[in-house]
Amino acid sequence: MIYLQLFWSFFQIGLFSIGGGYAAMPLIQNQVVDLHPWLTMTQFADIMTIAEMTPGPIAINSATFVGIQVAGFPGAVVATVGCVFPSCVIVMTLAYVYYRFRGLNLVQGILAGIRPAVIALIASAGISLLILAIYGQRTLPENLLGFDGMAVVIFLAALFVLRKWKCSPLWVMAGSGAAGVLLYWLQGRLL
Amino acid sequence: MKKANANPYGQLFVSTFRLSACTFGGGFVIIPLMRKRFVEELGWIEEQEMMDLTAIAQSSPGAIAVNASILVGYHVAGIPGALLTVLGTVLPPLIIISVISLFYQAFRDSAIVSMAMAGMLCGVAAVIFDVVIHMVKTVARQKRILPLLVLLGSFTAVRFFGVNIILVILVCGVIGALDTCRQQKRSKEAKEE
């Protein structure tokens with residue numbers, strides 16, 4: 001019974017979170033804190049922090065976490081499956097439609113119009129992430145000079161390496177993580 | 001199915017598993033990583049196709065990372081491919097969060113973990129900027145004003161006015177459709193003359 005409830009809750013989260021990532025947060029809160037007594041608000045804040053610190057989509061991370069809290073590992077699996085189920089059906093249908101009709105002139109025109117917008121969306125997401133990385137908060141602070149120097153150094157070095165040598169992003173990210181530990185540790189030591 | 005690989009399934013699973021294990025920050029972060037892997041390294045998907053898939057992933061319900069991997073899997077190996085890439089994308093967070101939830105207080109408070117995470121966040125931002133620079137160059141090479149205007153306009157709308165992303169995609173689709181109609185009409189007139 002509890003499995004069914006978990007599945008249904010995360011099915012709804014998966015179905016109604018359009019735009020991904022932070023769009024899912026209020027929905028998750030509604031399902032697991034307000035509608036069901038599965039998490040306290042503090043636990044919910046914790047899982048959001050952990051979801052940001054660990055790889056993977058926020059919705060999947062919280063499905064796993066909530067599932068485990070409520071019904072152990074099988075609960076985690078059920079909640080996760082519920083969360084991706086709507087995507088599977090809808091996206092596969094859209095993929096079929098896309099590959100069937102993308103040869104049409106009009107469809108090509110529509111897609112050509114959308115492509116620059118996609119770049120804009122990615123750019124905007126990148127800027128949000130950069131702000132979070134160098135200021136430690138989501139929005140620009142009033143004091144623009146109060147940035148984290150180490151973060152700026154790591155960012156510029158990573159960007160340089162990527163542009164210059166075109167190496168794999170996975171290595172760049174592993175390197176940035178290592179650089180973070182090293183630089184922040186040194187900073188803590190010296191200051 | 002380009003570059004018919006003897007066994008695309010293994011490669012699909014391993015690629016999405018590795019990408020998912022490294023996508024900190026959620027959302028769009030996986031797109032640049034996927035582009036690098038499937039467009040540049042494996043050559044399974046074309047540059048423009050990847051942008052179309054991104055738009056579909058963004059406009060569909062659910063996590064963008066999951067949607068994008070469904071699309072890539074479906075393109076390379078049909079429905080079995082899609083199921084496999086979903087599995088590859090979902091497993092890393094499932095495993096990692098399961099382990100972390102056993103001792104999440106200690107994890108959250110660990111100084112080394114937060115230092116590494118702070119560093120990786122900078123790395124992720126750099127990866128996204130790298131891809132954006134590359135993509136903007138591709139658009140600029142077309143030598144047309146309209147795509148650049150659409151790019152700037154949608155950036156302003158999303159970034160400074162907080163316009164709903166789905167709305168932006170819809171409007172840009174309409175602009176693209178109108179532009180195509182206009183071009184076709186013009187070439188027809190040119191032929192008639």
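**Burial and salt bridges in a predicted model**

Colleague: Why is B:Glu40 called partly exposed?

Modeller: In this predicted model, B:Glu40 has a relative accessibility of 38%. Buried means under 20% relative accessible area, exposed over 50%, and partly exposed in between (1.4 Å probe, protein chains only), so the 38% of B:Glu40 makes it partly exposed.

Colleague: What makes B:Arg35 and B:Glu40 a salt bridge?

Modeller: Their closest N and O atoms are 2.6 Å apart; a salt bridge needs a side-chain nitrogen of Lys or Arg within 4 Å of a carboxyl oxygen of Asp or Glu. B:Arg35 itself is buried, at 2% relative accessibility. Both residues belong to a salt-bridge network that also links A:Arg163, B:Lys36, B:Glu47 and B:Asp130.

Colleague: Why does the pair B:Glu49 and A:Arg102 join two chains?

Modeller: The two residues form a salt bridge, with 3.9 Å between the closest N and O atoms. B:Glu49 is in helix 3 (residues 47-59) of chain B, whereas A:Arg102 is in the loop between helix 4 (58-101) and helix 5 (105-135) of chain A, so the contact links both chains. Helices here are DSSP runs of H or I, at least four residues long. B:Glu49 is buried at 2%, and A:Arg102 is partly exposed at 27%.

Colleague: How do you know that B:Asp179 is buried?

Modeller: Its relative accessibility is 11%, which therefore falls under the 20% limit. B:Asp179 meets B:Arg182 in a salt bridge of 3.3 Å, N to O.

Colleague: Which conventions apply?

Modeller: Residues are numbered from 1 along each chain as its sequence is written, and chains are lettered from A in the order in which they are written. Local features need pLDDT of at least 70, and side-chain atom pairs count only at pLDDT 80 or more, with heavy atoms used for side-chain values.
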